[in-house]
Amino acid sequence: MAEPLKNLLSRELLSRLASDIKSVYKPFQADAFIESTMDETWDDLELKDRTYRVGLNLGRYLLQEYSAAIGIIDKVVMNYGTWLDGFAWFFPVFVEIYGQDEANWDVSMAALARYTSYASAEMAVRPFIIKHEARMMRQMYAWAGHENESVRRLSCEGCRPALPWAPALNSFKKDPSPILPILERLKDDTSIHVRKSVANNLNDISKTHPDLVVKLAREWQGKSERTDWIIKHGCRTLLKNGNKEALALFGLQNVTSIDISDFALKTGAISIGQDISFSFAISAKEATKVRLEYAIDYVKSSSKRSRKIFQISEVSLKASEKKHYVRKHSFADVSVRKHYVGTHSITLIANGAERGKLDFVLHA
């Protein structure tokens, strides 16, 4: 089993952090910082809570004057890799916890822009957006023009309406229009990390404002290969949900000329921990593009069903061309999904239309 993410914040890392700080700020009480951070509740804390514990205690053991504490962090932050390493989030969290006063605004904004290259600050900016939306979104728009790709990414990732692990920006779920100028500015960005963020933001918006995302996609389509990639990735939930306008946008609207045959399961029953194998064939009466997916209707602990859709492929078929597929799906328990016994089903989907359904039994 994979190592729990929370273990990224280990005693070894905190000891290194304390030593680094003490090397530039002699009064720092390294041992007290470590022990108060890793108290008797530490083992029960998940990654986010551990991160905030570290950020909180940094403030308790650094200088009382905020800008001076930032000056100390500035001297050690570069020792912790890049934001892709994903374990030094406590630096922007320190800014989030201690830097929201009006007197600290400029210092905090500059610090977040500096730190995001080392430890992505997308969660730390959200309380600033919630409390000072117009002002912070002006700052985010300015960051969208920054020379540093990590800062440009922050401008977009930080204002996602439904960023994982972070408080939802409910005002943007209701009205995402304040986000759109940032997305427009970044829609042809040279950085893949920025483009992924734009796509993820679009995907968030699509869950509450699908028509808006389809409209944007139509306007952006064909501007460049980079922009086309963004809109395809940003429409992924719409495509998965069979949104007809989104499917048509990418030439995936043809349903009547697609034939599915020989859909079968290798077995009608498996046990938790095993795979279910299925096979089918697809052919086309005329040349067409096909998005192939399958849906699993899982039995939940309440005995109700919950559907999850998985993509198989997206393929262009010539007239009368036939392709055969064999796939398997794991029913091993993982951290994000626990399986329950009962009758499940698997459904084939072609261009958003269901094209066959088979039941199977999952045993303990």
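Colleague: Which residues does Trp-143 touch, leaving out those up to four places away in sequence?
Modeller: In this predicted model, Trp-143 touches Met-109, Leu-112, Ala-113, Val-125, Met-136, Val-151, Arg-152, Leu-154 and Ser-155. Each counts as a contact because heavy atoms lie within 4.5 Å.

Colleague: What makes the set around Trp-143 a nonpolar core?
Modeller: Trp-143 is among the residues with the most contacts inside the largest nonpolar core, together with Leu-17, Leu-62 and Phe-91. Another core, of 24 residues, lies apart from it and includes Ile-270, Phe-280, Leu-317 and Leu-362.

Colleague: Why is Thr-347 called buried?
Modeller: Buried means under 20% relative accessible area. Thr-347, in strand β7 (residues 342-350), has a value of 0%, and is therefore buried.

Colleague: How do you know that the side chains of Thr-347 and Arg-307 are joined by a polar contact?
Modeller: The cut-off for a pair of N or O atoms is 3.5 Å. The contact between these side chains is 3.4 Å, so the pair falls within that limit. Beyond four places in sequence, the contacts of Thr-347 also include Glu-293, Tyr-294 and Asp-297.

Colleague: Why is the lining of the largest cavity described as having 7 nonpolar residues?
Modeller: Tyr-52, Trp-89, Pro-92, Val-93, Ala-121, Met-123 and Ala-124 belong to the lining, and their residue types count as nonpolar. The lining also has 1 polar and 1 charged residue. About 40 Å³ of space lies in this cavity, and helix α5 (residues 90-98) gives the most to its lining, with 3 residues.

Technical notes
Residues numbered from 1 in each chain as written. Predicted model: local features only at pLDDT ≥ 70, side-chain atom pairs only at ≥ 80, totals over all residues. Heavy atoms only, no water. 1 Å grid on protein atoms, 1.4 Å probe; cavity = no way out; pocket = protein on both sides within 12 Å on 5 of 7 lines; lining within 4 Å. Points joined across faces, edges and corners; volume = space filled by probe spheres on them. Helix = DSSP H or I, 4+ residues; strand = E, 2+ residues; numbered from the N terminus. Buried < 20%, exposed > 50% of the residue type's maximum accessible area, 1.4 Å probe, protein only. Polar contact = N/O pair within 3.5 Å; in protein donor to acceptor, adjacent residues only side chain to side chain. Core = buried A, V, L, I, M, F, W, Y, C linked by side-chain atoms within 4.5 Å.
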